[in-house]
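New page in the notebook.

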Amino acid sequence: MRSYRLPPLGAIKAFDAVATCGSFKQAEQQIGVTPTAISHQIRLLEQFLDTPVFIRGARQVQLTAAGQRLLQASTRAFADLLSAVEDIQRAKSPPTLTLTTTSNFLTHWLVPRLALMKACCPALDLRLHTSLDVMNLAHNAVDVAIRYSMAPDEALDTTLLYEDSFITIASPALGLTPQGELLTATLIHVEDRHIPQPAPDWRHWRALYGPAQLNVHAGLRFADETHAIQAAIAGQGVAIVSRLLAKDFLDKAILCAPFAQTLPGGRYYFVTTREKSQRPDVMALKRWLTHCMAPSGA
């Protein structure tokens, strides 16, 4: 069986550019060579194949039957080469780490600390995703999660980051001190909390701490804790929110916690699959979160 040699790669590249652009002039601009050089490469290719690949016109060129067959092959070949180069380059780069969590945690705790995280983990290429749904970490689209729940997921690699509690918050301008003043304050409610149970709401607060006359049906109602915190900052009333999510505002005296009592909260867990738990970037992120969310650092 007769064996055939391949034409020079430079000639095929020049041919592919001319065939794709439909003209010698545009091909010259695309691959950055002189008109003389590209014409030389096409002549070399046609001599090698012993057949023309173009029908040359005044303003454009057309492919011959041989040229059409060669273009099909060159298109596939260059696409495969490009894909291989991209794979090689990606393999040299650190993988992107996709983290999913709640919008409230991302907004109030993680985003203010991203610069600190980058300083501690400079090689970390982090992509952030928010969802109220529990994402399936077995799918490659998501690598790790920070989940708020009452117990760990035994099917996954789970690390406890922080045990939360719920506190009352208000603007210092309201001057709330004795608990009796709750009777005249506007209550800010966050509805449809699923974790923890029982819900850390004003009904639960009244049952544990009073006052018995507290009207837990009145006030402002929000579906999102972020909006409740913003309403409290604006001096619209007093809210019961996660201690962790309110921490930065308390530290900066933007908010105060007028009453010492607390309600039980859930737990923040760092979660990933057992297969991904040993990835260097996953381990680095877990170390940083564990350190920063420890009671002394959170």
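**Overall build**

I started with the secondary structure: the protein chain has 10 helices and 10 strands. I'm keeping in mind that this is a predicted model.

Next I looked up the dimensions. The C-alpha trace spans about 100 × 40 × 30 Å along its principal axes. The radius of gyration is 32 Å, while a compact globule of 298 residues would have one near 19 Å.

I checked burial too, and buried residues make up 40% of the 298. As for contacts between residues at least 6 apart in sequence, 76% of them join residues at least 24 apart.

**Charges**

I found 28 positive and 25 negative side chains in the protein chain, with the centres of the two sets 8 Å apart. Side chains of opposite charge can pair when their charged atoms come close. The structure holds 11 salt bridges, and I followed up a few.

Which residue does Arg-56 form a salt bridge with? I found Glu-46, with the closest N and O atoms 3.3 Å apart. Arg-56 sits in strand E1 and Glu-46 in helix H3, so this pair ties together parts 10 residues apart in sequence. Glu-46 is buried, at 15% relative accessible area, whereas Arg-56 is partly exposed, at 44%.

Then I went to Arg-279, which forms a salt bridge with Asp-143 at 3.4 Å between the closest N and O atoms. Both residues lie in loops, and the pair ties together parts that are 136 residues apart in sequence. Asp-143 is buried, with a relative accessible area of 4%.

Arg-279 also forms a salt bridge with Asp-281, here with the closest N and O atoms 2.7 Å apart. I noted Asp-281 as buried, at 12%. Lys-276 joins in as well: Asp-143, Lys-276, Arg-279 and Asp-281 are linked in a network of salt bridges.

Notes
Residues are numbered from 1 along each chain as its sequence is written. This is a predicted model: local features need pLDDT of at least 70, side-chain atom pairs count only at pLDDT 80 or more; totals for chains, interfaces and linings use all residues. Side-chain values use heavy atoms; hydrogens and water are left out. Helices (H or I, at least four residues) and strands (E, at least two) are DSSP runs, numbered from the N terminus. The radius of gyration is taken over C-alpha atoms; the globule rule is 2.2 Å times the number of residues to the power 0.38. Buried means under 20% relative accessible area, exposed over 50%, partly exposed in between (1.4 Å probe, protein chains only). Contact means heavy atoms within 4.5 Å. Lys and Arg count as positive and Asp and Glu as negative; His and the chain ends are not counted. The place of a charge is taken as NZ of Lys, CZ of Arg, CG of Asp or CD of Glu. A salt bridge is a side-chain nitrogen of Lys or Arg within 4 Å of a carboxyl oxygen of Asp or Glu.
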